Amino acid sequence: MSPFEMCEIKFHIKLPMDVMRQLVRHRTANLNEYSTRYSIAIDDTLEASEWRLQSSDNKQGSNGTLVGDAVKTLSEKERQLHLLSKNIYRQRLDLGVAREQARKDLPLCTYTEAYWKMDLRNLLHFLKLRMDKHAQLEIREYANAIAEIVKELFPLTWEAFEDYEL
């Protein structure tokens with residue numbers, strides 16, 4: 001696999017902070033993330049399109065979705081919380097509070113951006129883990145999108161990866 005370490009791919013990605021934390025777990029990458037310590041936070045959040053239930057056999061995963069009146073209630077409370085957090089953040093900035101402190105109550109669903117560079121060997125390992133059905137849905141969606149790019153750039157490598165790893 002060492003020849004695949006000679007090929008590096010750099011992505012410019014935009015994703016929620018909680019999903020970014022799963023990307024950061026792969027310490028084989030170089031990362032340069034947009035900093036809300038120096039810059040104003042990106043005014044974009046990810047709102048849940050559904051409320052997944054905790055898996056009974058996988059502490060890290062979900063299984064099924066919540067149904068009924070609670071779905072609407074949770075979604076409305078989420079919107080209210082996001083709006084409150086954004087308003088407090090903006091108010092702090094307007095009053096001159098330092099960005100590094102004003103950001104402290106932003107929700108993890110606030111988007112961030114980063115340049116993320118990884119060699120092909122480690123990227124394939126990341127994809128094997130994060131495309132797996134046990135991975136969190138949100139990181140799995142990013143992994144699948146990244147996989148399409150890898151498939152286009154390295155068709156022979158991707159074919160072997162599918163045959164022998166996936």
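**Figure 1. The buried residues of helix H6 (residues 155-164) are Thr 157, Trp 158 and Phe 161.** Around the helix axis these residues cover an arc of only 100 degrees, which puts them on the same side of H6. The buried residues of H6 pack against H4 and H5. Please keep in mind, here and in the views that follow, that this is a predicted model.

**Figure 2. Helix H4 meets helix H6 at an angle of about 40 degrees.** The axes of the two helices are 12 Å apart. That angle makes H4 oblique to H6. H4 passes H6 in a right-handed crossing. On the H4 side, the contact is made by Leu 120, Leu 124, Leu 127 and Lys 128. H6 contributes Thr 157, Trp 158 and Phe 161. By class, the residues of this contact divide into five nonpolar, one polar and one charged.

**Figure 3. Helix H4 (residues 120-130) crosses helix H5 (residues 137-153) at roughly 140 degrees.** Here the axes come within 9 Å. H4 and H5 are therefore oblique to each other, and H4 passes H5 in a left-handed crossing. From H4, the contact draws on Leu 120, Leu 123, Leu 124, Phe 126, Leu 127 and Arg 130. Facing them from H5 are Ile 139, Arg 140, Ala 143, Ile 146, Ala 147 and Val 150. The contact of H4 with H5 has ten nonpolar residues, no polar ones and two charged ones.

**Figure 4. His 26 sits in the loop between helix H1 (17-24) and strand E2 (30-33).** Is His 26 buried or exposed? With a relative accessibility of 12%, His 26 counts as buried, since buried means under 20% relative accessible area. Leaving aside residues up to four places away in sequence, His 26 touches Met 118, Phe 126, Leu 129 and Arg 130.

**Figure 5. Helix H1 has Met 17, Val 19, Met 20, Gln 22 and Leu 23 as its buried residues.** What covers these residues? The cover includes the strands E1, E2 and E5 (111-119). It also includes the helices H4 and H5.

**Figure 6. Glu 5 lies in the segment before strand E1 (8-16).** Glu 5 has a relative accessible area of 31% and is partly exposed. Not counting residues up to four places away in sequence, Glu 5 touches Asp 119 and Arg 121. For a sense of distance, take Asp 57: it is 52 residues from Glu 5 in sequence and 36 Å from Glu 5 in space, C-alpha to C-alpha.

**Figure 7. The whole chain, for orientation, has six helices and five strands.** Read from the N terminus on, the elements run β-α-β-β-β-α-α-β-α-α-α. The C-alpha trace spans about 55 × 40 × 25 Å along its principal axes. Of the 166 residues in the chain, 32% are buried. Among contacts with a separation of 6 or more, 70% come from residues 24 or more positions apart.

Methods:
Residues numbered from 1 in each chain as written. Predicted model: local features only at pLDDT ≥ 70, side-chain atom pairs only at ≥ 80, totals over all residues. Heavy atoms only, no water. Axes fitted to C-alpha atoms, helices over the stretch in contact; angles between N-to-C directions. Helix = DSSP H or I, 4+ residues; strand = E, 2+ residues; numbered from the N terminus. Parallel < 35°, antiparallel > 145°, perpendicular 65-115°, else oblique. Left-handed = near helix turned anticlockwise from the far one by under 90°. Contact = heavy atoms within 4.5 Å. Nonpolar A, V, L, I, M, F, W, Y, C, P; charged D, E, K, R; others polar. Buried < 20%, exposed > 50% of the residue type's maximum accessible area, 1.4 Å probe, protein only. Arc of directions from axis to C-beta.
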